[in-house]
Amino acid sequence: MTDTPASFDASLLNQLARDIKLWGRELGFAKVGISDIDLAAEEPKLQQWLANGYHGEMSYMASHGMMRARPDELHPGTVRVISARMDYLPPDAGFAQNLKDPTKAYISRYAGGRDYHKLMRNRLKQLGERINQALAELNLPDSGYRPFVDSAPILERPLAEKAGLGWTGKHSLILAHDAGSWFFIGELLINLPLPVDVPVSEGCGNCVACITSCPTGAIVAPYVVDGRRCISYLTIELQGAIPLEFRPLLGNRIYGCDDCQLVCPVNREAPLTAEPDFHIRAQLKQMPLLTLFSWDEASFLQHTEGSAIRRIGHERWLRNIAIALGNAPYSEQIVAALKQRQATASELVAEHIAWALTQQLQKQLIHASAASSDRKQQRLLRIIEKGLPRDA
Ligand code: B12
Ligand code: SF4
Ligand code: SF4
């Protein structure tokens, strides 16, 4: 940096960087790293991703131009980004047990507990305050910090990679040998010219497990996800009807998807979360689809209070569960529940219910279970049970 104020000598900045990492850990971040703000190398990749239309309906991805790759345009004065990792893998994740039973709802493990946005933002704010307090004690101007968690147009993963939190896996998520990939990322944009960390070298090698195991073929090339095909997008981001071609592929996944992380060998020893807030709440743990489908809007709002799930709203919740019910083996109770809901459903939900009923009735005719015919699903379960004995 050429703009280091005279009062910031190198030893002071080095000490501050060490302290920040320590304070970060005290605040519950498993790792904290520091990077500069140069993301010029990412701009063409982001541009190409947008040009390919991979963002689908996520117009917020396109609406800020290249600001995503320019932290100092987002928050003027920024010269460094402090990236922080918070682990979310809950104990008793019960992945295989859940995916194996097509009558139970699979909810992505990042979403079973409290919404991470608020929790992490608060912790990042505390970290920012701690930094400013230290600067004030030294009679130095404050850091001008601004916290972000998934909320702003900023390329969080490339920043985390630069800050040494991990490498970009072929599924496009950040992962590391001592951390796996079950973590959220958040940042503090600051004006302090702290020393930067060294990126971790790439560790995927020849592995392509995430690419071949993705149920919808969303990882269209190594490191590139076509958002429109990703189950996370289809069940959480997409407002309208879920395209027909994807419905059978969703299985029992009603909110997000973890498959590309489940098959990843780097996740075998991934740490569990230290945050009780990220444990799966009882109302969402291994729950029968029919129970969740029976919730009226008031129950939905009550059971998802403080959870990220609430943001999709009751209508899309029913839309997603209707598909999972269509994918479940034939059952009279399922057919009855679908028919009962159909009478009062919105146009969107009614159309998905009609699809589910057709699936159910076809299965009744051919006496076949959709789940047992899904080779990919069976392979996934074998991999999880063998590779993740603790979490399976
Ligand atoms: C939009 C979005 C989505 C979209 C699109 C996903 C995508 N891959 O872009 C959807 C809804 C599908 C999604 C899904 C999920 N998401 Co999301 N998502 C985001 C968000 C808001 C922006 C991501 C983005 O900028 N995409 C645009 C593309 C262009 O960027 P990119 O994928 O990072 O691509 C870069 C690299 O792949 C690289 N690249 C491209 N080509 C090449 C080639 C080589 C050789 C190399 C090395 C690199 C490389 O360059 C690109 C540009 O920098 C971020 C938060 C944020 N603000 O960053 C969270 C975020 C990425 N999501 C996250 C999570 C947890 C998920 C899910 C696991 C949730 C779930 N269980 O359902 C899934 C995982 C799906 C997947 N495999 O990506 C976490 C990831 C944490 C981590 N450990 O990395 C983030 C960071 C949120 C957070 N704050 O923690 N997500
Ligand atoms: S989250 Fe699921 S659908 Fe999305 S890329 Fe990963 S495996 Fe594919
Ligand atoms: S599954 Fe294999 S290729 Fe995919 S991120 Fe993990 S190590 Fe990399």
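## C207 and its group

In this predicted model, C207 has 15 C-beta neighbours inside 10 Å, so C207 counts as partly exposed. The count for a buried residue would have to be 20 or more, and for an exposed one 12 or fewer. C207 sits in the loop that runs between strand 7 (183-190) and helix 7 (209-213).

The UniProt record, an unreviewed entry, gives the feature "binding site" at C204, C207, C210 and C264. These positions span 61 residues in sequence, yet no two of their C-alpha atoms are more than 10.4 Å apart, so they gather at one spot.

C264 belongs to another loop, the one between helix 9 and helix 10 (289-294). Is C264 buried or exposed? C264 is buried, because 27 other C-beta atoms lie within 10 Å. Not counting residues up to four places away in sequence, C264 touches G169, L175, S181, A209 and C210.

## Around ligand 3

Which residues come nearest to ligand 3? They are G169, C204, C207, C210 and C264, out of 13 residues around this ligand. The four cysteines among them are the positions that UniProt lists together as "binding site". By class, the shell of ligand 3 consists of ten nonpolar, two polar and one charged residues.

## Around ligand 2

Ligand 2 is surrounded by 13 residues, and the closest are C214, C230, C257, D259 and C260. Two elements give two or more residues each to this shell: helix 8 (231-237) and helix 9 (259-262). Sorted by class, the shell around ligand 2 holds nine nonpolar, three polar and one charged residues.

If its neighbours within four places in sequence are left aside, C257 is in contact with S108, I231 and S232.

## Around ligand 1

How many residues surround ligand 1? There are 36, and the closest are E42, E156, V225, S232 and G256. S232 is also a contact of C257. Several elements each supply at least two residues of the shell around ligand 1: helix 2 (43-51), helix 6 (156-162), strand 7, strand 9 (224-225) and helix 8. In terms of class, the residues of this shell divide into 21 nonpolar, eight polar and seven charged.

## A second set of annotated positions

UniProt, again in an unreviewed entry, also lists "binding site" for R68, D150, T168, I174, I185, S232, C257 and D258. These positions are spread over 191 residues of sequence and are also spread in space, with up to 25.4 Å between C-alpha atoms.

R68 has 23 C-beta neighbours inside 10 Å and so counts as buried. Apart from neighbours within four places in sequence, R68 is in contact with L46, P153, I154 and L155.

## Helix 1

Helix 1 covers residues 10-26, which is 17 residues. From its first C-alpha to its last, helix 1 reaches 24 Å, close to the 24 Å expected at 1.5 Å a residue.

Which residues of helix 1 are buried? They are L16, A17, I20 and G24. These residues cover an arc of only 100 degrees around the axis, which means that they are on the same side of helix 1. They pack against strand 1 (31-35), strand 2 (80-87) and helix 5 (116-137). On the other side of helix 1, the exposed residues are S11, N14, Q15, R18, L22 and E26. G28 follows helix 1 and has a positive phi, near 100 degrees.

G94 is found in the loop between strand 2 and helix 4 (95-100). There are 19 other C-beta atoms within 10 Å of G94, so this residue is partly exposed. G94 and A392 are 298 residues apart along the chain, but their C-alpha atoms are separated by 5.0 Å.

How values were computed
Residues numbered from 1 in each chain as written. Chains lettered and ligands numbered in written order. Predicted model: local features only at pLDDT ≥ 70, side-chain atom pairs only at ≥ 80, totals over all residues. Near = placed C-beta within 6 Å. Helix = DSSP H or I, 4+ residues; strand = E, 2+ residues; numbered from the N terminus. Nonpolar A, V, L, I, M, F, W, Y, C, P; charged D, E, K, R; others polar. UniProt positions renumbered as here; feature names shortened; annotations may be inferred. Contact = placed C-beta atoms within 7 Å. Expected span 1.5 Å × (residues − 1). Arc of directions from axis to C-beta.
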